[in-house]
Amino acid sequence: MKIAVFPPNSLILADMVERRGHEPLVIQKEIRKKVTDPEIDSPPFNITEEEPIKGLKYAAIEVPSGVRGRMAIFGPIIDEAEAAIIMEDAPYGFGCIGCARTNELSMYFLRKRGIPVLEIHYPETRDETMEVVNRINTFLDELDKPDGAGESDETREGKTKEQVEE
């Protein structure tokens, strides 16, 4: 299953997803597609004229171009995701802080999709860290179960009311 992780460049979350047999959808893979493209002359100019146009699918024309540019990269991750893990209140070193508006917009789109979403807060203590790891592993393991058998409250968080009642 394809799992979007947020912050979208968190190697820790990506590794946890991969260890449970899922495919992490992370920004590094999207950037690699763009940086290794022969049309791009050098990495500082790793945007093509199509990128802002792609970003318009996710953000209005009035939104700053930086948000549209980021959404051109984050958007395909969101569209492809079958589930998501969102780590809130993470420190700067944990993942991409970037643009707060892009982050809010990305999380909004992930929640709006109606896919299973696990939202957790960054742990402060060792005990909280163990609990977060356990919650992530449980969430990922339950995604493998057919037809939602054995779903916990955490797995249902990102689903609509109709999806849970089915």
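Is lysine 54 buried, exposed or partly exposed, and why? Lysine 54 counts as partly exposed because its relative accessibility is 42%. Buried means under 20% relative accessible area, exposed over 50%, and partly exposed in between, with a 1.4 Å probe and protein chains only. This is a predicted model, in which local features need pLDDT of at least 70, side-chain atom pairs count only at pLDDT 80 or more, and totals for chains, interfaces and linings use all residues. Residues are numbered from 1 along each chain as its sequence is written, and side-chain values use heavy atoms, without hydrogens and water.

**Overall chain**
- The protein chain has 8 helices and 4 strands; these are DSSP runs (helices H or I, at least four residues; strands E, at least two), numbered from the N terminus.
- Along the sequence the pattern is β-α-β-α-α-α-β-α-β-α-α-α.
- Of the 166 residues, 42% count as buried.
- Accessible surface comes to about 9700 Å², and 52% of it belongs to carbon and sulfur atoms; the areas are Shrake-Rupley values with a 1.4 Å probe.
- Among contacts between residues at least 6 apart in sequence, 63% join residues at least 24 apart; contact means heavy atoms within 4.5 Å.

**Lysine 54 and proline 7**
- Lysine 54 sits in helix 3 (residues 50–55).
- Proline 7 lies in the loop between strand 1 (2–6) and helix 1.
- The peptide bond from phenylalanine 6 to proline 7 is cis, with omega near 10°.

**Helix 1 against helix 6**
- Helix 1 (residues 11–19) packs on helix 6 (residues 126–143) at about 45°, with axes 10 Å apart.
- The pair is therefore oblique: angles under 35 degrees count as roughly parallel, over 145 as roughly antiparallel, 65 to 115 as roughly perpendicular and the rest as oblique.
- Leu13, Met16 and Val17 of helix 1 touch Val133, Ile136, Asn137 and Leu140 of helix 6.
- These contact residues divide into 6 nonpolar, 1 polar and no charged.

**Helix 4 against helix 5**
- Helix 4 (residues 65–80) and helix 5 (residues 100–112) pack at about 25°, with axes 10 Å apart.
- That angle makes helix 4 roughly parallel to helix 5.
- Val67, Arg70, Met71, Phe74 and Ile78 in helix 4 meet Arg101, Thr102, Asn103, Leu105, Ser106, Phe109 and Leu110 in helix 5.
- By class, this contact has 7 nonpolar, 3 polar and 2 charged residues.

Definitions and conventions:
Axes fitted to C-alpha atoms, helices over the stretch in contact; angles between N-to-C directions. Nonpolar A, V, L, I, M, F, W, Y, C, P; charged D, E, K, R; others polar.
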